[in-house]
2 protein chains.
Amino acid sequence: MTEHAPLSAEELAAYFALREVASLLEHGVEQQLRDDGGLTGPAFGILARLFGSPTGRLRMTDLADGLVYSRSGITYQAGQLEKRGLITRTPGEDDERSIIVEMTPAGREVLDAVLPGHNDVVRELLLGSLSKRDVAALTDILGRVRDRMRAGPPRSAAPRAKRN
Amino acid sequence: MTEHAPLSAEELAAYFALREVASLLEHGVEQQLRDDGGLTGPAFGILARLFGSPTGRLRMTDLADGLVYSRSGITYQAGQLEKRGLITRTPGEDDERSIIVEMTPAGREVLDAVLPGHNDVVRELLLGSLSKRDVAALTDILGRVRDRMRAGPPRSAAPRAKRN
DNA sequence: TATTGTTATACTCTATAACTATA
DNA sequence: TATAGTTATAGAGTATAACAATA
């Protein structure tokens, strides 16, 4: 099952294209977020998730799950947002170990100030090059990849190179 | 031309899928590089580009161009690699302002030690979920996006949100 | 015991601006 | 003047491990 065979030219091309596009897209987005709202990528991620949450409230752990950061990383980012008054952190009522994060009106304002430009950048860098069919194909393909990644990170299927 | 209209659900789905897959992939790859060769992502990028270069030698500026880093960032990364004896930096002969970077045998060893595991991780996380048609479609779509991104970053077409 | 979250620490990385040297 | 590269600096982000409190 473990095949150390090199990747084919086609596979490499797909891999590199993905990495490069994602990298350029990330840079573009982060610059816009900084310019328009003084937000870092992670900070924007937190606000966006709070905005997208049905109740508008999420636990720290919920945030850490979706985003790819460590727990202490989330604590740091949330601390920055709280300092700026963009979120509040209050102890959970049912489970007193947990912390409930909510967006403040000020936070909502910053998000609103940033979203239009964000849309523009994503459109300009990514979506502008794509037909509706492309968008659908991308979502289909990458959606499957994501689901498999999230599903069971089959650690057992993650062979490390054995040198010598 | 400037439309601040929100992204459609389909567009958002594609964008999020791309960001999430790229993020998870990056984390997986960086962990493997660290485990198998003590390399960071940028350091691996430099070695890989030297390996891929026909002559095996690249100027600092050539490295900075492909990778997304600032010049000082490349200087830093190259400094780290030089400390470990994985590359050499020698003044250019034709143009004495430039620095020629080359991979040492030790650098080649580290790269060789890392590549098999790297292939495995990419296969496991990304390619394992994809058919040949998927790979081709991904390359086609993202290749177009990349070309447009690289082509002429039409700054003029990069509208910043005007908060009234 | 396991889980939630914070803190302390230490390190890596990155960018900016000032600087040197060559073209 | 413009280009190639370095350095100094300073800040932001990240992870790890130890910790406290609740379940």
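Let's start with B:S98, which counts as buried because its relative accessibility is 10%, buried being under 20% relative accessible area, exposed over 50% and partly exposed in between, with a 1.4 Å probe and protein chains only. This is a predicted model, where local features need pLDDT of at least 70, side-chain atom pairs count only at pLDDT 80 or more, and totals for chains, interfaces and linings use all residues. Residues are numbered from 1 along each chain as its sequence is written, chains are lettered from A and ligands numbered from 1 in the order in which they are written, and side-chain values use heavy atoms, with hydrogens and water left out.

Back to B:S98: you'll find this serine in the loop between strand 2 (87-91) and strand 3 (99-103) of chain B. Helices (H or I, at least four residues) and strands (E, at least two) are DSSP runs, numbered from the N terminus. Leaving aside residues up to four places away in sequence, B:S98 touches B:R59, B:T90, B:P91 and B:G92, contact meaning heavy atoms within 4.5 Å. A polar atom of the B:S98 side chain also sits 2.8 Å from the backbone oxygen of B:D95.

Now hop over to chain A, where an open sheet of 3 strands runs in the order 1-3-2 with antiparallel pairing; two strands pair if DSSP finds at least two bridges between them. Strand 1 (57-59) and strand 2 (87-91) of chain A are the edges, each pairing on one side only. Strand 2 and strand 3 (residues 99-103) of chain A pair in the antiparallel sense over 5 bridges, and A:I87 has A:M103 in strand 3 as its bridge partner.

Next comes DNA strand C. Of the DNA strand C atoms within 4 Å of the protein, 67% belong to sugar or phosphate and the rest to bases.

So what touches the bases? A polar side-chain atom of A:R97 lies 3.1 Å from a base oxygen of DNA strand C, and an N or O atom in the side chain of B:S72 is 2.8 Å from a base oxygen of DNA strand C. On the backbone side, a phosphate oxygen of DNA strand C lies 3.1 Å from a backbone N or O atom of B:E96.

Conventions
Polar contact = N/O pair within 3.5 Å; in protein donor to acceptor, adjacent residues only side chain to side chain. Near = heavy atom within 4 Å.
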